[in-house]
Each structure stands twice: as C-alpha cells, then as structure tokens.
Amino acid sequence: MVSAIDDRVKESSVDLSRDSGRGNWGAWRASVSLAIGVLVLGLVAFKLMLPSEATSSQPAPTRTVFVTPAPEVNKAAPPSPSPEPVPPPPNPESCAEVACVALTFDDGPSAYTPALLDKLKELEVKATFFDLGQSVANNPEPVKRAAEEGHELGGHSWNHTSMAKQTPEQACADADRTARAIRDAAGVETSLLRPPYGTWNDAILHACANKTFVLWDVDTLDWSTHDVAKITAHGVDDPKPGSIVLMHGTVAETVDALPGIVAGLRAKGYKLVTVSELFDSPLAPDQAIYSGPRTGVPAG
Ligand SMILES: [Zn+2]
C-alpha cells in the first residue's frame, strides 16, 4: 500500500516535474520574445529620434570653402630685388642720341683746298664746304673732289656780296646761280646756303624759299687771328652737342689747326659729321639754323 502510494507520488512527481519543466520553458520563451520586442521597439524609437538627411525637413547646412593656391615660394634662395631696367645703347648714327659737331669751311675753293681735303681724308672727317660761285666756276676741280670724298657742299653767294645789300630777288638769283655752278662742277644739287657775313632777314629767307640758311654757333675767328693755337682752342673748347663750327678754306693756319681740333673734339666724345647729318630727317627749306639738336651727350 505504501509502495503504491509512493509510486503514484513518484509518478505524480514525474508528471509534475514534466509539467513544471514544460511551464518554465514557455515562460522563458515568452520572456525572450518580450525582450526582443522591446529591443526592436527601442531601436525603432531611437532611429526616429535621430536627425536624418533623408527624413529631416530642414535643408542640410552647406559650407563653402575657398581654397587659394599657395604662392610658389623659392625656398632655396630668398627673392632678390628686380634689377633696374637697362636703357638701350644710343644709336651711333643719330645725332639726336650721340653728341655731334659739324665742321664747316667758307669762301673756297682756294689754293688751300687740296691740302685741307688731304688733311680731312687723313683724319677721316667729313665736313661741309660753303663755296663762292665765282671761285667754283674758276676752279671746279677741288669742288668735284670734295663731293667725291663724301663732303657736303653749299653755296656762299657768287662773290661774297652781302645779301642784305641786295633786293631779296637779287639775293636769291645770286644764290641760285651759285648752286648751279656747284652742280656743274660736282654734279650735286644743293639747297644749303650760308649768307655772307651771316647777314639775312626774313624777307630774304622767304624769297629764297628753296634754300635752307645755315649759320653757325661757334666761330674759330681763324679769319681774324690766323693763330693755330687760338684757332685750335676755339675749335675744341667752344662746341656743344649739335654745334656748327665756322672756319675758312682760305686760311693756311686753319689747315694746320685741323688735326688738333679733330683730336680734341673726339677726346671729348664728339662725333664729327656734315651739317645734314646733324639731323635725322632731311633739312627743310625756308628756315635758318644755327646748330643741330642739343640732345646728344658726349660719350667721353
Ligand atoms: Zn665768307
């Protein structure tokens, strides 16, 4: 009897234990399901609380970044100051850029003209001769030679009569006659005219509208002193850039003074040229000039 009861108890215990075991598993499973549900709900809620680019109604803040390229810096050597601009060298052919002087000889041709031409050739100087028409007609050979050797020719009246003592028409006819004599002797046309004694006026200038009156700004006074040292001193000391120097082809001492004058002017940096070469453009007629441009600077 007792054993039967024990068996039932055991059986019951077993059942109970089975029921009890089945009940614990269900409760655990429900608890896990509940935890998972809570976790999922929590995640969803957290997700909804977070701002989202896709879900936010506010526009996403934008930020513009300006990127400036860094200047290239030569770190190997510090930047050096830019050098001063170097001006171009002066044009040696232009008397507006280099200092020039024109040597002129009046009153020829004469017995001294061949020696004068020899000296100029030896010194390699081109000069300007203002000749008397009457002397040209009587002695054309030195005039022809002067032209052939590169010198410039101009008229100085027919026989050294002052233009101011003639009517403008007479003075201009005299000048034209002289120019024709030079053309006949040397084969060159000239419009340069040096009025005798340097006397002229506007009426004569405008009447001789085809001529350029060429005066001077330096007088060596060779016609007065006949002194080589004094002629040389005036010839070297008095010129400025663009000067036209007055000398005479009828003075023996002028031939002797010439080497010293040329050497002295060249030592000061002057270029020796003809009257026309003082100017970059052809000399216009109907004007009187006393010098060329003063803009050249002696190089020496
Ligand atoms: Zn003269």
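**Entry 1: histidine 160.** I began with histidine 160, which counts as partly exposed because I find 14 C-beta neighbours inside 10 Å, where 20 or more would be needed for a buried residue. The model I am reading is a predicted one. I placed histidine 160 in the loop between β3 (152–155) and α5 (168–186), and I noted that its phi is near 70°, a positive value in a residue other than glycine.

**Entry 2: histidine 226.** I located histidine 226 in the loop between α7 (222–225) and α8 (228–237), and I record it as partly exposed, since 13 other C-beta atoms lie within 10 Å.

**Entry 3: further backbone notes.** I kept these entries since most residues other than glycine have a negative phi, and most peptide bonds are trans. Just after α2, I found glutamate 124 with a positive phi of about 55°. The peptide bond from glycine 108 to proline 109 is cis, with omega near -5°, and I traced proline 109 to the loop between β1 and α2.

**Entry 4: the faces of α2.** Which residues of α2 are buried? I listed Thr113, Leu116, Leu117 and Leu120. Looking down the axis of α2, I see these buried residues fall within an arc of 100°, so they line one face of the helix. On the other side of α2, I noted Asp118 and Glu122 as exposed. When I asked what covers the buried residues of α2, I found that the cover includes β1 (100–106), α4 and α9 (252–267).

**Entry 5: α2 against α4.** I next compared the axes of α2 (residues 113–123) and α4 (residues 140–148), which come within 10 Å and cross at roughly 15°. Angles under 35 degrees count as roughly parallel, and α2 and α4 are therefore roughly parallel to each other. I recorded the crossing of the two helices as left-handed. On the α2 side I found Thr113, Pro114 and Leu117, which meet Pro142, Arg145 and Ala146 in α4. Sorted by class, this contact of α2 with α4 has four nonpolar residues, one polar and one charged.

**Entry 6: the chain as a whole.** Finally I looked up the totals, and the secondary structure of the chain comes to nine helices and nine strands. Of the 300 residues of the chain, I note that 34% count as buried. Among contacts between residues at least 6 apart in sequence, 78% join residues at least 24 apart.

Key:
Residues numbered from 1 in each chain as written. Predicted model: local features only at pLDDT ≥ 70, side-chain atom pairs only at ≥ 80, totals over all residues. Axes fitted to C-alpha atoms, helices over the stretch in contact; angles between N-to-C directions. Helix = DSSP H or I, 4+ residues; strand = E, 2+ residues; numbered from the N terminus. Parallel < 35°, antiparallel > 145°, perpendicular 65-115°, else oblique. Left-handed = near helix turned anticlockwise from the far one by under 90°. Contact = placed C-beta atoms within 7 Å. Nonpolar A, V, L, I, M, F, W, Y, C, P; charged D, E, K, R; others polar. Buried ≥ 20, exposed ≤ 12 C-beta atoms within 10 Å, placed from the backbone. Arc of directions from axis to C-beta.
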